[in-house]
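Here is a short briefing on one model.

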Amino acid sequence: MSAFINVVTVGLLLGGIYGLVSIGLNLIFGVIRIVNFAQGEFVMLGMYGAYLAYLLIGVDPYVSILVVVPSLFLFGVVVQRFILQPLQNEPMMQVFATFGLLLLLQNMVLAITRGMSYTVPTPLSQVHFDLGGVSLSLSRLIVLLSVCVVAIGLSWFLKHTLLGKSVRAVTQDRRSARLMGINVEWTYMLTFGTGAALAGLAGTLLAPIYTMSPQIGGNFIVAAFAVVVLGGLGSVWGAFAGGFIIGMIEAFAGYYVNPELKHVAWFLVFIIVLIVRPSGLFGVMGAEEVGLREQN
Amino acid sequence: MSRTDTLPMPASALKAKSVTGLTTFDTELVRIAAVAIVLLGCTWLLSGQPFYMNILSYTFLFAALATSWNIIGGYGGQFSLAHGVYFAIGAYLAGNLYIRFGLSPWIALVPAALAAAIAAALICWPLFRLKGKFFGIATLAVSEVAFVLANYFDSLTGGPRGMSLPFKAGFSNMIFTNRFSYALLMLGFLIFCLIVSGFVYRTRLGYYLQAVRDDQDAAQASGIDVLYVKMTGMALSAALTAMGGVFFALYLRFIDPPTLLSLPDIGVRFLLISLIGGVGTLFGPLVGALLIVPVEFYLRATIGGSIPGGHLVVLGAVLILCSLFLKRGIVGAVESAWQSIRRRRHG
């Protein structure tokens, strides 16, 4: 029984990580219809940003959020404005460009760090709770808490603010939104920036948990794609719930089947969902078709 | 085949366009022959230098693989990222047959092609319900699953430790002592892929594939069996890719999951080479490979040693720039430049 509870806990905590990484990806995916292959690298940049902040000014990774998240927001805005904006109606070229960005970022960090791996020390990661035989680390609990806060905050923002409403309008129909006087390009820039900032947030929160490597983004990105497709395009709660589903599947498959095959398990679920319900669990039916329609 | 011109081959080649304005397969054959002669000449000239032979072998092999990918990815518009899987099927199958049964890799080409075609059909039959980027993401997942499985089933693949093929030189083993033979081998495979690709491009299957790519619903409405067309194109493309895997395995004589199934090195590379050269054109993938593979070798040799990953930084930047400024690839850019020159000349 305690093994079962342990597995559930591991799944929840993993789910928190995947959810956090996926929400930004899904925002970009849902609104701009871009498959951002470099999202995992944004997470990686966030982690190294936390390390850099620790190295230069000696701050705790949780404090470095104040610097890292705005920097990644700006970085995302620049990328969207100068690389992705010109490719708005070129779906093939978008994939091409974001993959180029992936190679560029990953190997730039590799070239600078020369493949050395780092960890950021924080006193908080030493704190562990013991709940009936289940051990929880505080740094993972913070991730879990953050994903809830981000999901609630983002869905509130999208529902109740004028900017959020314009984002939703652009998601539904680019052309009509433009006719209503919404600056579509501006909305895209903000959305992409927000997506990158969320990846940066995920990175800083994960920095104390993982050992950094330039290739670490790859661990998250395919999981994040699985989450996004599973949860539903453009849906914040879809990414939130999808993260937990994928995390649970990974934890259960890893414990009860074989730790080496845990990834196969969630890929299988991912592919089955993609086939049975391409719009995802929480996505609007036919949303995947909208993404393919020519929009100007 | 829309063969309206009854002229003998050389004359139709001189005209380059037939009466209907459509280039026929015969014309493409003449072009392929010309390309083959030029490439053979270059290979011959450089034959004394093993360093260049290595680069040429890789260039020809990746040109062939990109040409194979282009059949379904370019003509058919199905953005497959899972071609590394078919590549790995070919390599592992040839390796196993060679090590366990001493079967000549030349013979292994046939089961490799068949196995990959069947695998492609099984994988893509459900996935073809997805379109565009969604198909791409799903095939990306397939590729990742294959990576995990290749590591897991180590009795078949050698797992993470990899699989070494013993060095026993000889034509029947497809293992040669001089690199010139390998370059010729890869060039032969490239020409074979170009002929198959050219045949598809200029015949019914190719036109159907292009119709499906441009507008699937319209293609369906005009009576094309969309699923059948996509499956045929994919199976053909996968079979060629697996044959490339056989050649690759026998060239390196060491295969492991990262060399066969890594996305940036294999799966995405086929697509990038095609895109840079000109996706959906017959010679685009070849042009892309001629440019990208030697440049990569050069960069790896010059900056890869002192700066880890340095050559991939440059490659990443090149990709971004190409996607921004070279949207139809090099072949597309040359074509539109040529057309604007002609338009100016004819008023």
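By class, how many nonpolar, polar and charged residues does the lining of the second largest pocket have? The lining has 22 nonpolar, seven polar and five charged residues. The model is predicted.

**Second largest pocket**
- The volume of the second largest pocket is about 790 Å³.
- Its lining takes in 34 residues, and Q215(A), G218(A), N219(A), V222(A) and E144(B) are the closest to the centre.
- In chain A, helix 4 (91-113), helix 9 (217-231) and helix 11 (262-276) each give two or more residues to this lining.
- Helix 9 of chain A gives the most, with seven residues.

**Contact between chain A and chain B**
- Chain A brings 45 residues to the contact, and chain B brings 41.
- About 4,000 Å² is buried between the two chains, and carbon and sulfur atoms give 82% of that area.
- On the chain B side, K133(B), F134(B) and I137(B) lose the most area to chain A, together 17% of what that side buries.
- Zero salt bridges are counted between chain B and chain A.

**L136(A)**
- L136(A) sits in strand 2 (residues 134-137) of chain A.
- L136(A) counts as buried because its relative accessibility is 9%, and the cut-off for buried is under 20%.
- Beyond its neighbours within four places in sequence, L136(A) is in contact with T9(A), L13(A), V127(A), H128(A), F129(A), L131(A) and L141(A).
- N6(A) is 130 residues from L136(A) in sequence, with 9.5 Å between their C-alpha atoms.

Terms used: Residues numbered from 1 in each chain as written. Chains lettered and ligands numbered in written order. Predicted model: local features only at pLDDT ≥ 70, side-chain atom pairs only at ≥ 80, totals over all residues. Heavy atoms only, no water. 1 Å grid on protein atoms, 1.4 Å probe; cavity = no way out; pocket = protein on both sides within 12 Å on 5 of 7 lines; lining within 4 Å. Points joined across faces, edges and corners; volume = space filled by probe spheres on them. Helix = DSSP H or I, 4+ residues; strand = E, 2+ residues; numbered from the N terminus. Nonpolar A, V, L, I, M, F, W, Y, C, P; charged D, E, K, R; others polar. Buried < 20%, exposed > 50% of the residue type's maximum accessible area, 1.4 Å probe, protein only. Contact = heavy atoms within 4.5 Å. Buried area = accessible area lost by both parts, 1.4 Å probe. Salt bridge = Lys/Arg side-chain N within 4 Å of Asp/Glu carboxyl O.
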